[in-house]
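This report looks at how the parts of a model pack against one another. The sequence and structure come before the text.

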Amino acid sequence: MAASAAVSAAGSGAESAAVRQTAVSVRSVSKTFDGGVLALDGVNFEVPEKQFISVLGPSGCGKSTLLRILGGLFSPDSGGEVRILGRLSTGPSPDVGIVFQTHNLLPWLTLEANIRLAAEVQRIPPAEIAERTERMLEVLRIASFRLRYPHELSGGMRQRAAFGQILILYPQILLLDEPFGALDALTRDKLNVELLRLWEKQKQTVVLITHSIAEAVFLSDRVLVMSDRPGRIIADMPINLQHPRDPQIVRALPEFTRCVLELSRMMGVV
Amino acid sequence: MVVDPAIAFLVLAVIWEKAVDIFGIKRYLLPPLSQVLETFWALRETLLRESLTTAWEVVLGYLLAVIGGVALGLAIFAWPVFRRTLYPAIVVFQGLPKIALAPLMVIWFGFGLSSKVLMAFLFAFFPMVISTLGGLSGTPIQLLEHFRAIRASSWTTFRRLQVPSALPSIMDGCKMAMPLAVIGAVAGEFVGSEKGLGSLILVANANAKTDLMFAALIAISIVAGVLYVFVELVAKRVWWRAL
């Protein structure tokens, strides 16, 4: 904890970005599905360690496909490669955690058991699992619901638990596939703020897939914009807003408005 | 909750009892309920003995069907070669009215227990295979993806995801299969047996004892009902629904 606090203090200076390692590197990644549909077309980008990056694009542009390739669930067409912390990706990596739009809680397990699941699957020692589980329940503020089953919880609670399901593995790189997409706007805003607080403390590398411009700007250090299918990166925009970001202040800043406006223009919203 | 069905049964019983008198129905066609109940009580020991015989046949055939059906469902799911070979054969076999196999079962396995057990098994087997296979194949794709992402082995995925997510469907199969096993056992007894409620019905029929026939029918419903409640109680433990 002390180390990560130090990192977050140092991380507020822009110059530290230069010495960071590359967490994710994507080189000429294309994806053709069976039947010849080209979903991604020559995608290139790099994500430095501890950066929060969003990939913004219209629905069906292939951004979920991109995320699955980053997560090692799909392989790219030959010629393209993904490197995770410098190593060529050949499948799901222990350094990468993925949170999907639909929570993946198992209906026959309690909230607590659901959060433990991934750690049990990876044979983390029981004492360690117990400790991590407590931490997850506390950090995500769901401890009082630990013995409830998923169907007894609200959408927001379930999505928090979905983060716990993955964060318990302490992944260095977090891939988020529209994790708040199925929530109402109010809950979504609230969880956005909580996600940001969590990230400001832990500073994982995050790649967030979203089609909400405001969400992308509020959370990210940098936003990639994807074109309509086949997906290409058409813009790479830094978001120069200081951390920690207070939702009330940040949303009123001219820089926030400028970024939102520019991204809206790129995506053809205005 | 208990009151409404009780009232419905009572009304039906009264209608049965009175209709026989009012419409002048001949007693060998439809004996009044009171006479059926009298016979039932008088022959309670016989009825109990035959009921136990039939119940035993049903239970054995049913258990074989559940174990065999689940096992075959698993095998077809796990090994594509079975899906290509065994599965079509089973589907074709399912089209055959299994009741037509009863005489063959008697020829092959005799008048005793085993031919009835096999008939119960034949009736109950197919729904168990289908419900197991359907349940396993129905595991939501996003959960399978999640298990891949957390790097679960295929055995872990099977044990911790696919089996529990198939259980509701398997339990539905168990509930469907129980009444079918009863049909199978009784059909087997009709074709060739000296024991069991099916055989008792044939004896009653030959002696024009319609009241005994009805008493045997009541006994069959009790056997079927009790066994079904057992299955229902077990199935209730799988409270989550298909995902």
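The model is predicted. In chain A, the assignment gives two domains: domain 1 covers 17-95 + 173-270, and domain 2 covers 106-170. The C-alpha centres of domain 1 and domain 2 of chain A are 25 Å apart. Contact between these domains of chain A involves seven residues of domain 1 and five residues of domain 2. On the side of domain 1 of chain A that touches domain 2, six residues are nonpolar, one is polar and none is charged.

In chain B, helix α3 (residues 44-78) packs on helix α6 (residues 113-137) with an angle of about 35° between them and axes 6 Å apart. The crossing of α3(B) past α6(B) is right-handed. The residue classes in this contact of α3(B) with α6(B) are tabulated here.

| Class in the α3(B)–α6(B) contact | Residues |
|---|---|
| nonpolar | 23 residues |
| polar | six residues |
| charged | two residues |

B:G69 is located in helix α3 of chain B. Is B:G69 buried or exposed? B:G69 counts as buried because 26 other C-beta atoms lie within 10 Å, and the cut-off for a buried residue is 20 or more. Leaving out residues up to four places away in sequence, B:G69 touches B:F125, B:M128, B:V129 and B:T132. B:T156 is 87 residues from B:G69 along the chain, and the C-alpha atoms of the two are separated by 22 Å.

Terms used: Residues are numbered from 1 along each chain as its sequence is written. Chains are lettered from A and ligands numbered from 1 in the order in which they are written. This is a predicted model: local features need pLDDT of at least 70, side-chain atom pairs count only at pLDDT 80 or more; totals for chains, interfaces and linings use all residues. Domain bounds come from an automatic or database domain assignment. Two residues are in contact if their C-beta atoms, placed from the backbone, lie within 7 Å. Ala, Val, Leu, Ile, Met, Phe, Trp, Tyr, Cys and Pro count as nonpolar, Asp, Glu, Lys and Arg as charged, and the others, Gly among them, as polar. Helices (H or I, at least four residues) and strands (E, at least two) are DSSP runs, numbered from the N terminus. A residue is buried if 20 or more other C-beta atoms lie within 10 Å of its own, exposed if 12 or fewer, and partly exposed in between; C-beta atoms are placed from the backbone. Axes are lines fitted to C-alpha atoms, for helices over the stretch in contact, and angles run from 0 to 180 degrees between N-to-C directions. A crossing is left-handed if the near helix is turned anticlockwise from the far one by less than a right angle, and right-handed if clockwise.
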